[in-house]
Amino acid sequence: MPKKVHVQTTINGEAVEYLCEPRQSLLEVLRDVLHLTGAKEGCNNGNCGACSVILDGRLVNSCLVLGAELEGKSLETIEGLAEPEQLHPIQDAFLENAALQCGICTPGFIMAAKALLDQNPNPTEHEIRYWLAGNLCRCTGYDKIVRAVQDAAQTTS
Amino acid sequence: MAEKKDYKVVGTRPIRHDGVDKVTGRALYGADFQTVGLLHGKVLRSPHAHARIKSIDTSRAEAHPGVRAVVTAKDFPAVEDKIADLGEGAANVKDLQDNVLAGDKALYKGHQVAAVAAIDPHTAEEALELIDVEYEVLPPVIKVLDAMKEDAPLLHEDMHTDEMGEKSEKPSNIAAHFQHKQGDPEKGYAEADVVVEQEYTTETVHQGYIEPHNATALYNPDGQLTIWCSTQGAFAVRGQVSEILQIPVSKVKVVPMEIGGGFGGKINVYIKPIAAMLSMKTGKPVKVLMSRADVFEGTGPTPGSYVRVKMGATNDGRITAAEAYLAFEAGAYPGSPVGAAAFCVFSPYKVENGTVDGYDVVVNKPKTAAYRAPGATNAAFAAETVIDEICEKIGMDPLEFRILNSATEGDIRIDGPPAPRVGFIETVEAAKDHPHYSAPLEGENVGRGVASGYWPNFGMKSSVSINVTGDGTISLVEGSTDIGGTRASIAMQAAEVLGIPAESVTPTVADTDSVGYTDVTGGSRTAFATGYAAYEAAQDVKQQMIERAAKLWEVDPEEVQFADGVFSSVNGKEQEIDFKGLAERLDETGGPVVGRGTADPNQPGPSIGLHVVDVEVDPDTGKIDILRYTATQDAGKAVHPSYVEGQIQGGAVQGIGWALNEEYIYNEKGEMTNASFLDYRIPTCLDLPMIDAVIVEVPNPGHPFGVRGVGETPIIAPPAAIANAVYRATGVRLKELPMSPGRVLKAMGKI
Ligand code: FES
Ligand code: FES
């Protein structure tokens, strides 16, 4: 087994350190090493967005980043979004709009929506659809997801 | 009989009970399951579409550091070649085993051949490369019509066609042929002013759920096996694993984790028995996860098909005769949904003279699994476009044609039984009245099309128990895994009976040892049948609570009434107590109250929908854009309208994907060449407009609130509706799915 790498990083505002194999993806590290299973594996090759996280302010597919690359960086995952007593407005909007069915895509969509609204608080429908095109949902037909993001934009802006 | 009425909870839109867990990433899906001492399994798959397995040498893999066990088909217990009743549909046990781990032959690329358990997934993967399999590669057969030819390579040398009950002399890839017939089609065509006959083909498509299959198994030395997994039916997993491994069902406990989509594709087992076998060999818990490529190549899909439809009609728009020839690819083992296709092909219509022939044919592709209204979409693509052609020829509005020819309750269908009541005309009227249908279509290369889709729905068995909690809420234990919000729709039906808010119900999906037998979440049955069981359990609770109130007031139970959540005594002292108040006083009146309900309803009530679509076809690239989409559907009674709309929207979009670009692409060696989400492209949100879902409610007399299942119907109409719209836009009728740009350009004569 290859020698493990020691990584010091920040996840959801907290200092974290871990050991990982050089071949392990960030998604594997999150799920198997840190037991943060909110990021999901749908394809493991960058095509579905179920593993979306925000790395140093940028939306990335964690299956396409190596765990070792996290050294000195700052990561936001779905687990860090809600306050103890309060969901994030995007999470509320997903619930209010029934924007999930099976829910496997939901953490990825919420992280992608957050990255969008962080940089564009008032997106048009087309901008939302363009931005979220990297996230696949097989259940909803996207209608209610797009509406949830529109609603969240209203409340956050 | 359920009538249209207003309810307090049913028909409202509460937040789903599992919502917070699912938007915070806390909900645990199958792959999220963790336990101590876990080993990881990986599966070796056949690289060939058709090959004899001459030998498998696992010694090098077993010697690899970190490997704990290797299994092949040799590790299966011997089984008879018998048909096992698995609760929902029967299956040949030998076929079940063979599909899980290939015996003598690998029958498709991706067929599971061996599996390894190791200390981590990467080590298991390394070991797969050390398994030496000697194959004798055989010629594959991929398309249904090729497989039906006399000289086609045979998948199963000992398979003979079941020709309407008789076994054929020669072996064949045609597993079965059946025919339904009624009236005199020849006479019908003679009465017709127009007769249209067309041939259609559809390619293999996949359910495409985002969560790959997963399983963790732990076998104890006392013979008890536990499996944690995502599945559409924990009891279905229990039944299959028990048959495949020849373990009594009572020794198998299946714990359903949250499930990331299924659409019919998470009923059959693939890696669950493998995880179990690896755990039996190692004594450790073993987790096996599929990759996306494994999912495409080894699971699902729904059949490719060849369909021929002929219909005759008079100039005033009456159908006089109809015929369908349906040849479906079953995949490597018999069992395509051609029977359901035959049932659905002309279901919306009154057809007095007709025949339907169905062929179930094996090919070198994964064994097909259910996919949302299995078979119906293939059939409707043909029938609903032939109808469009007839309407055009006789100059009739396609919606008027449907109203005129709608089957009414009691009309005898081609396959025998009488048609039940369903809101066909109501959905057509809803589409006609919708602003979409009368909106002007502007621009060039645009067109509007319509089509309908019919699905019979299923009832099957469900169990629910309800515990009354001292604070006036209830906990509800059910066996239906929640794929799309059914915790809410089931809880709401219990809440309605007990006059409490939906939020006062805590629903739990339980494992197979903790809840009564429950069939799969499939067949559009969950909100209907498990909802029915919840209704029954709540009635049981209500009756017990009435007895408690009577005890409290020292009156006869007959003197206690219950309405709007309040118990009252009808004579003597005016006494009243609400559900919560009474729940607080259970200890004074005899202790806990537990209600139970089971259901096996036989009147699921079909669902039907009419879809309207506007498309624009790019004449240079052949790309079809969906400009506007409206889908109407009879939901009987929508328990949670948001999730009913969600089913309609999601189903319509799966149908759009099937129509526009989804397909398994094979090379001449019979290998799927596009086994990724990049190359097997499902619709993204950028490909779509909003989907306007219009709920029509014609109550189902077979359910206390009038509920009809809604999940499957919406996938059926889109390919035909889009093909009809493309014809309006281009003047060309497409008869092959998917209508990908290349096929469109070819049909337009541009390439
Ligand atoms: S799992 Fe990372 S994009 Fe699909
Ligand atoms: S809700 Fe199931 S994939 Fe999106």
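Me: Helices (H or I, at least four residues) and strands (E, at least two) are DSSP runs numbered from the N terminus, so what does that give for chain A?

Reply: Chain A has 5 helices and 5 strands. Along the sequence they run β-β-α-β-β-β-α-α-α-α. A word on the ground rules: this is a predicted model, with local features needing pLDDT of at least 70, side-chain atom pairs counted only at pLDDT 80 or more, and totals for chains, interfaces and linings using all residues. Residues are numbered from 1 along each chain as its sequence is written, chains are lettered from A and ligands numbered from 1 in the order in which they are written, and side-chain values use heavy atoms, with hydrogens and water left out.

Me: Why is the pair of A:Phe109 and A:Tyr142 called tilted?

Reply: Rings of Phe, Tyr and Trp (its six-membered ring) pair if their centres lie within 6.5 Å; planes under 30 degrees apart are stacked, over 60 edge-to-face, and the rest tilted. Here the centres are 6.2 Å apart and the planes make 55°, so by that rule the pair is tilted. A:Phe109 sits in helix 3 (residues 106–119) of chain A and A:Tyr142 in the loop between helix 4 (125–131) and helix 5 (143–156), so the pair ties together parts 33 residues apart in sequence.

Me: And why are B:Phe296 and B:Phe677 called edge-to-face?

Reply: Their planes meet at 85° with the ring centres 5.6 Å apart, so that's the edge-to-face class. B:Phe296 is in helix 9 (residues 292–298) of chain B, and B:Phe677 is in the loop between helix 18 (641–660) and strand 30 (691–696), so this pair links parts 381 residues apart in sequence. Over all chains, the structure holds 19 aromatic pairs.

Me: How do you know whether B:Phe296 is buried or exposed?

Reply: Buried means under 20% relative accessible area, exposed over 50%, and partly exposed in between (1.4 Å probe, protein chains only). B:Phe296 has 0%, so it counts as buried. B:Phe677 is buried too, at 4%.

Me: What makes helix 8 of chain B largely enclosed?

Reply: Of the 11 residues of helix 8 (residues 272–282), 9 are buried, so the rest of the structure largely encloses the helix. Among them are B:Met277 and B:Leu278. Just after the helix, B:Gly283 takes a positive phi of about 75°.

Me: What is the phi of B:Ser524, and is B:Ser524 buried or exposed?

Reply: Its phi is near 55°, a positive value in a residue other than glycine. At 12% relative accessible area, B:Ser524 is buried. B:Glu554 also has phi near 55°, but its 73% makes B:Glu554 exposed.

Me: How do you know that B:Arg308 sits over a ring?

Reply: The rule wants NZ of Lys or CZ of Arg within 6 Å of the ring centre and within 35 degrees of the ring normal. The charged end of B:Arg308 sits over the ring of B:Tyr325, 4.5 Å from its centre. B:Arg413 lies over the face of B:Phe343, at 3.8 Å from the ring centre.

Me: What makes a space a cavity rather than a pocket?

Reply: On a 1 Å grid over the protein atoms alone, a cavity is a set of points where a 1.4 Å probe fits but cannot get out, while a pocket is an open set with protein on both sides within 12 Å along at least five of seven lines; lining residues have an atom within 4 Å of a point. Points are joined across faces, edges and corners, and a volume is the space filled by probe spheres set on them. There are 5 cavities of 30 Å³ or more. The largest cavity holds about 120 Å³, and among the residues closest to its centre are B:Phe346 and B:Arg413. The second largest pocket has about 570 Å³; A:Glu28 and B:Lys42 are among the residues closest to its centre.
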